[in-house]
Amino acid sequence: VFLEEEEEEKSALAVNGEERMPWDGLLESAAAGFETFSGRPFSPLSTVPSEVYAHLLLEGKPTRVLQLTPCMWDFSQPFGALGMNAVTRMVVIKLENGSLFVHSPLDLTEEVISFMMLLGGPVKHIVLPNNSPEHWHFGPQWANAFPDATVYAAPGLEDHLVLEDGKQAVVLTNEAPAAWAGEIEQALMADPLFKEVVFCHKPSKTLLVSDCAFMIDDAFLSKQEAPSAFSLALVAELAGVHNQFACPLFFQPSFRVNERKLRAWVDEVLEMEFEVIVPAHGASPVKKGKQQFRRAFARVLL
């Protein structure tokens, strides 16, 4: 809890899963203090998004923040097309040593900077878990803003990242780096067309996934305006993720070609101790996590 009780209703940072409104004047003060906070002025993106990807970002929409646990925060920004919003989600974890682990970084807007300043720890680990653009595109932006942080990337992304000062990303594997070993486990799915690393935060028993599985349920759709809700429901139905946590149908053909590798990865993930899943898109958090994950991939591994 970051504010006194009498100030809670003004807060944009949600506490105990309840969303609140932005603080008056906070963005202006955060922008003014950003140079001190980051160690250098705000840097523009090192890469330019394609026209399609720029459209999917739905720029100008607000960031929403939920506190999931005392040391974990869910940041989401709009992501979709034709008015649809499946959201794209970043998770920030404060590790036991006080440093911040940033999973699937979002656009580093002044609003996001404001929230990050409140978390009270240095950004040390910028994690790009997947080869889909929304999960790595803003990595250089964060790396430029937080020069003391290390960038960790799914295999293959090192060819796409342009980092300042000749920095190189650390390629993620099945073995957790020393920086978070003991607190966070990870498992790499290295399909030829799809590469994703999932992470299990052991203290909170939370599994972080990107695109391998997600859900667009009716509760999520109820927050959309009528025309876009109908369109998003149709897309979710076609993808096989409407009202069920599932592996999207468009990934399944590639997975089935590499069924042995997928089965080994699923078994490795199921050995982890987690109760909740936080996916990068759609409804979150997903309860009964291990049961839901097993069911999602049982449909693929028929």
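Okay, let's start with helix 10: its buried residues are Leu262, Trp265, Val266, Val269 and Leu270. If you look down the axis of helix 10, those buried residues fall within an arc of 135°, so they line one face of the helix. Before I go on, please keep in mind that this is a predicted model.

So what sits over that face? The cover for the buried residues of helix 10 includes strand 9, strand 10 and strand 11, plus helix 9 (252-257) and helix 11 (289-298). Helix 10 has twelve residues, and at 1.5 Å a residue they should span 16 Å; the end C-alpha atoms are 16 Å apart, so the two agree.

Strand 10 (residues 195-201) and strand 11 (residues 206-209) run antiparallel, joined by three bridges. There, Cys200 stands opposite Leu207 of strand 11. The hairpin these two strands make has four residues between the strands, and in it Lys205 takes a positive phi near 55°. On the other hand, strand 11 and strand 12 run parallel, with four bridges joining them. In that case Leu208 stands opposite Val278 in strand 12.

Which way do the side chains go? Thr206 and Leu208 point one way, Leu207 and Val209 point the other way, and all of them are buried.

Two of those names come back with His103, which is found in strand 5 (residues 100-103). Is His103 buried or exposed? With a relative accessible area of 2%, it's buried, since the cut-off for buried is under 20%. Leaving aside residues up to four places away in sequence, His103 touches Arg89, Met90, Val91, Val127, Pro129, Phe199, Leu208, Val209 and Ser210.

Phe199 brings me to the rings. Ring pairs link Phe199 with Phe101, Tyr152 and Trp180 into a cluster. How many aromatic pairs does the structure hold? There are 14. One of them is Trp142 with Phe146, a tilted pair at 5.5 Å centre to centre with 35° between the planes. Both of those residues are buried. Then there's Phe194 with Phe255: the ring centres are 5.3 Å apart and the planes are at 80°, so that pair is edge-to-face. Phe194 lies in the loop between strand 9 and strand 10, while Phe255 is in helix 9, so the pair ties together parts that are 61 residues apart in sequence. Phe194 and Phe255 are buried too.

Last stop, Lys288, in the loop between strand 12 and helix 11. Lys288 counts as exposed because its relative accessibility is 59%. Lys288 and Ile277 are eleven residues apart in sequence, and C-alpha to C-alpha they're 8.1 Å apart in space. That's my tour, thanks!

Key: Residues are numbered from 1 along each chain as its sequence is written. This is a predicted model: local features need pLDDT of at least 70, side-chain atom pairs count only at pLDDT 80 or more; totals for chains, interfaces and linings use all residues. Side-chain values use heavy atoms; hydrogens and water are left out. Two strands pair if DSSP finds at least two bridges between them. Buried means under 20% relative accessible area, exposed over 50%, partly exposed in between (1.4 Å probe, protein chains only). Contact means heavy atoms within 4.5 Å. The expected span of a helix is 1.5 Å times one less than its number of residues. The arc is that of the directions from the helix axis to the C-beta atoms. Rings of Phe, Tyr and Trp (its six-membered ring) pair if their centres lie within 6.5 Å; planes under 30 degrees apart count as stacked, over 60 as edge-to-face and the rest as tilted.
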